[in-house]
Amino acid sequence: MQKRKQDWFKDLVIYQIYPRSFMDSNGDGIGDLKGIISRLDYIASLGVNAIWLSPIYSSPCFDNGYDISDYQGINPDYGTFEDFELLRDGCHERGIALIMDLVVNHTSHLHPWFIASKASREGKYSDYYIWHDPVDGHEPNNWAGSFGGSAWEWVEERGQYYLHLFSKEQPDLNWKCDALKEDIIAMIRWWGDRGVDGFRVDAISYLEKAPGFPDSPLPPFSTGFSLAMDICSNLPGTHKIINELSSRVFQPYSMMTVGEVICRTPQDYHDYASCSRHEFDMCIPFVPPVVEIATWSPLAMKKKIIETYEVLREDGWWARFLSNHDKPRQVSLYGDDTRFRTRSAKMLCAIMHMLPGTPYVYQGEELGMADVSYDSIDDYDDIDTRNFYAEKIATGSSPEEALAEARLISRDNARSPMQWDDSANAGFSSGRPWLGVNPDYAEWNVKKEEGDASSVLSFYKAMIALRRGSEAIRRGSLAFDLPDDPVLYAFERTLDDESYYLVANFSGKDTALPLDLSGYGDIVLCNTERTFLAKDTVLAPYEAIILKRQ
Ligand code: GLC
Ligand code: CA
């Protein structure tokens, strides 16, 4: 087992790989482990020191691997266990930690545990999932899973329903069952013994379900069922289990952990991500894209940064990300992917990487990859997108309206294949990719951006190098100026006698900077041609400037 400093996670820059879409080595149109191995030098060239792999385990892929049928097996579409070992060693040789996805809220309906559990009410696995008798001849309550429909599915053999907070192919595990808990703990240790350095822990806020299974008070979908997530989030039993996983496995193995959780209040951030609680090193708060699109603004985002900084500054840590495989592309959502694509992509990078916390880069983000816009709902693969579309049609939207909305929220925006070069299929595959390549690939790809000092990619490399070279940026304190300004971000990072200052204009308009930073120091990184900062400066649209104190 590797011995590490307890807080090694604070110095990481993590690159998230969605294996299905990263690089296909054998022309079947599906990204795979050999493909990732062939691009390790590229990943290392970014300056990152960890990768997080979305699930690579055996899975029928109803939810692209977030439905696991064998926790210790590798999905044959992605390769073999030997490929996994080569990938792990390739990472470690380059000083890159390997973080895997841990999906233990549910398994696939094809996991042998579930097959045994559904066969009979007797035997070792009968209690591994959440079974309930019918109530008045139908579902036990009004709960809907997050992908629509009832969260309960009838099984004739047992004469009972099972619970699934996601799709019916993702039955929820019963964490009240000790044998299940012990099996999961043994499985995590098994990966720890095989050199995995940490876990991103999937959908982990719902381990304990609302006691007594009360109806959800939320408004119903067209199916008559209401989302169950809210009343099943962050219950005391869930925190207790996470704490036990931490003390029995994560900490003894010095694993880095990040929980994907629901954070409604500052207290939730504290509960999941402060050291004293012994749960996770940091957390990724999940916000559904539909909610994020409707509610975010530069100011709301800034307020959240300030608020969560205060909550965790004494005793916790933050994950810094704007993208992942569940979200639209960040330059499309938060930046401007038409008029200011390069500049706004760089600004988003500068803000995230200048904050205290561990930055995450989602594959393709470093190129400024943007949302896709497929012609038909049939071109979309994501189970969530297809259910969303069906719900829109069921509630009276026209196919055109439903498709337009589905495009905006679709998780496939983040899942279109990585754009390596301007050859066929963006160099991702010699076969037909499982999901359409964004037609803008001739312009936006690794090869082109590697040869261009002013590309988004070159900016990411410079930003990551700046961060890795500066203790103040990694570990220093944070102080915001202009906390109420609707578009300007202005903050300082300080440790001992080292300080950096970031100013950014989070808008598509010229904006006067009401601060005099002219004497602060030199510009060390900037996304415009600016070489010095005068008094009474007007910042260009999406301009971001980083100064180092003299
Ligand atoms: C998480 C994953 C998402 C998946 C869901 C169910 O939110 O990030 O992709 O669909 O959990 O496992
Ligand atoms: Ca392949």
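**First stop: a salt bridge**

Select E543 and R530, whose side chains meet in a salt bridge with an N to O distance of 2.7 Å. The term salt bridge denotes a side-chain nitrogen of Lys or Arg within 4 Å of a carboxyl oxygen of Asp or Glu. The two residues belong to distant parts of the chain, 13 residues apart: E543 is in the loop between β21 (538-539) and β22, and R530 is in the loop between β20 and β21. Helices (H or I, at least four residues) and strands (E, at least two) are DSSP runs, numbered from the N terminus. E543 is buried, because its relative accessible area is 1%, whereas R530, at 24%, is partly exposed. Buried means under 20% relative accessible area, exposed over 50%, and partly exposed in between, with a 1.4 Å probe and protein chains only.

The structure is a predicted model, in which local features need pLDDT of at least 70 and side-chain atom pairs count only at pLDDT 80 or more, while totals for chains, interfaces and linings use all residues. Residues are numbered from 1 along each chain as its sequence is written, chains are lettered from A and ligands numbered from 1 in the order in which they are written, and side-chain values use heavy atoms, with hydrogens and water left out.

**Further salt bridges**

Side chains of opposite charge can pair when their charged atoms come close. By the rule given above, the count comes to 33 salt bridges.

Select D326 and R411 next; their side chains form a salt bridge at 3.2 Å, N to O. This pair also links distant parts of the chain, with D326 in the loop between β14 (319-320) and α10 (330-333), and R411 in the loop between α13 (399-409) and α14 (412-415), 85 residues apart. Are these two residues buried or exposed? D326 is buried, with a relative accessible area of 9%, and R411 counts as buried at 8%.

Proceed to D382 and R415, where the N to O distance of the salt bridge is 3.9 Å. D382 is in the loop between β15 (358-362) and α12 (383-394), and R415 is in helix α14, 33 residues apart. Both D382 and R415 are buried.

Finally, select D7, D11, E471, R474 and R475 together: a network of salt bridges links them.

**The antiparallel sheet**

Strands of a sheet pair through backbone hydrogen bonds, either parallel or antiparallel. Two strands are said to pair if DSSP finds at least two bridges between them.

Select the five strands of the open sheet, whose order is β16-β17-β18-β22-β20 and whose pairing is antiparallel. At the edges stand β16 (477-481) and β20 (521-526); each has a single partner strand, so one side of each is left without a neighbour in the sheet.

Within this sheet, highlight β18 (residues 498-505) and β22 (residues 544-549), which pair in the antiparallel sense over five bridges. Which residue of β22 stands opposite L502? It is I546. Helix α16 packs on the sheet and touches β18, β20 and β22; its direction makes about 135 degrees with that of β20. Such touching, or contact, means heavy atoms within 4.5 Å. Axes are lines fitted to C-alpha atoms, for helices over the stretch in contact, and angles run from 0 to 180 degrees between N-to-C directions.

Now select α16 itself: V456, L457, F459, Y460, M463, I464, L466 and R467 are buried in this helix.

**The parallel sheet**

Select the eight strands of another open sheet, in the order β13-β12-β10-β5-β2-β1-β15-β14, with parallel pairing. Its edges are β13 (282-285) and β14, each with a single partner strand, so one side of each is left without a neighbour in the sheet.

Strand β1 (residues 14-17) pairs with β15 in the parallel sense over three bridges; I14 has Y360 in β15 as its bridge partner. Helix α3 (residues 81-93) lies across β2 (50-53) and β5 (97-102) and runs at about 135 degrees to β5.
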